[in-house]
Amino acid sequence: IKIMIYDNATVNDAKFFDVKITAIQGGDLRSEEHRQVRVKILDDDLMVLHIVYKSTIFQTLSTLFTFYALFGTDIALISGPKSIDEPIGVITVICIVFFFIEIIVTSLVKKWAYFFTIMFWMDVIAMLALIP
C-alpha cells in the first residue's frame, strides 16, 4: 500500500499520522486489524524533482553522458581529426552541466541518503575530472 500525503506547508519528517486502512466494499486487506503502515511525506515542491529523477529521459541521458565521459573523448581524440576538438569541448561542457544538475536533483530527491555519501563524492570527483 502506498500512501502519499500532500501538504502545502513546510513538511517535517517527524510528523506522525494515524492512518486507518479499510478495504473497498467486498474487498479483503488480508491483514490484521491493527496493522502498522509506513508513511513517506513528500513536499509538493519536490514532487516535480521526483518525477524528473525517475523519468526514462533523465535516466537515459545520465547513462549516455556517463558513457561519453568514460569513453567518448578518448575515442574521438584518438580517431578523429584535429577539427573535432572544439565540438568535443562543447559536448564535454554540456556533460559537466548535466552532471552538476544531476547531483543537485539527486541531493534534493534522496536528501541525506545521498548527500555527502561516498556516491555523492564519487559523482562530484567524476564531474570535476571532466574539466579540461
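Student: Hey, which residue does K82 form a salt bridge with?

Tutor: That's D85, and the closest N and O atoms of the pair are 3.4 Å apart. Keep in mind that this is a predicted model.

Student: Is K82 buried or exposed?

Tutor: K82 counts as exposed because its relative accessibility is 70%, and the cut-off for exposed is over 50%. D85 has 30%, so D85 counts as partly exposed.

Student: Switching topic: which residues touch the most other members in the largest nonpolar core?

Tutor: C95, F99 and I103 do, in a core of 18 residues. The elements giving two or more residues to this core are α2 (56-79), α3 (85-110) and α4 (118-129).

Student: Which of them gives the largest share?

Tutor: α3 does, with eight residues.

Student: And what does C95 touch, if I skip residues up to four places away in sequence?

Tutor: C95 touches F65, Y68, A69 and L130.

Student: Now α4. Which of its residues are buried?

Tutor: F120, V124 and M127 are the buried ones in α4. They cover an arc of only 65 degrees around the axis, so they sit on the same side of α4.

Student: What covers them?

Tutor: The cover over the buried residues of α4 includes α3.

Student: And which exposed residues are on the face turned away from the buried side?

Tutor: On that face α4 carries I118, I125 and A129.

Student: How far does α4 reach?

Tutor: From first C-alpha to last, the twelve residues of α4 reach 16 Å, close to the 16 Å expected at 1.5 Å a residue.

Terms used. Residues are numbered from 1 along each chain as its sequence is written. This is a predicted model: local features need pLDDT of at least 70, side-chain atom pairs count only at pLDDT 80 or more; totals for chains, interfaces and linings use all residues. Side-chain values use heavy atoms; hydrogens and water are left out. A nonpolar core is a set of buried Ala, Val, Leu, Ile, Met, Phe, Trp, Tyr and Cys residues joined through side-chain atoms within 4.5 Å. Buried means under 20% relative accessible area, exposed over 50%, partly exposed in between (1.4 Å probe, protein chains only). Helices (H or I, at least four residues) and strands (E, at least two) are DSSP runs, numbered from the N terminus. Contact means heavy atoms within 4.5 Å. A salt bridge is a side-chain nitrogen of Lys or Arg within 4 Å of a carboxyl oxygen of Asp or Glu. The expected span of a helix is 1.5 Å times one less than its number of residues. The arc is that of the directions from the helix axis to the C-beta atoms.
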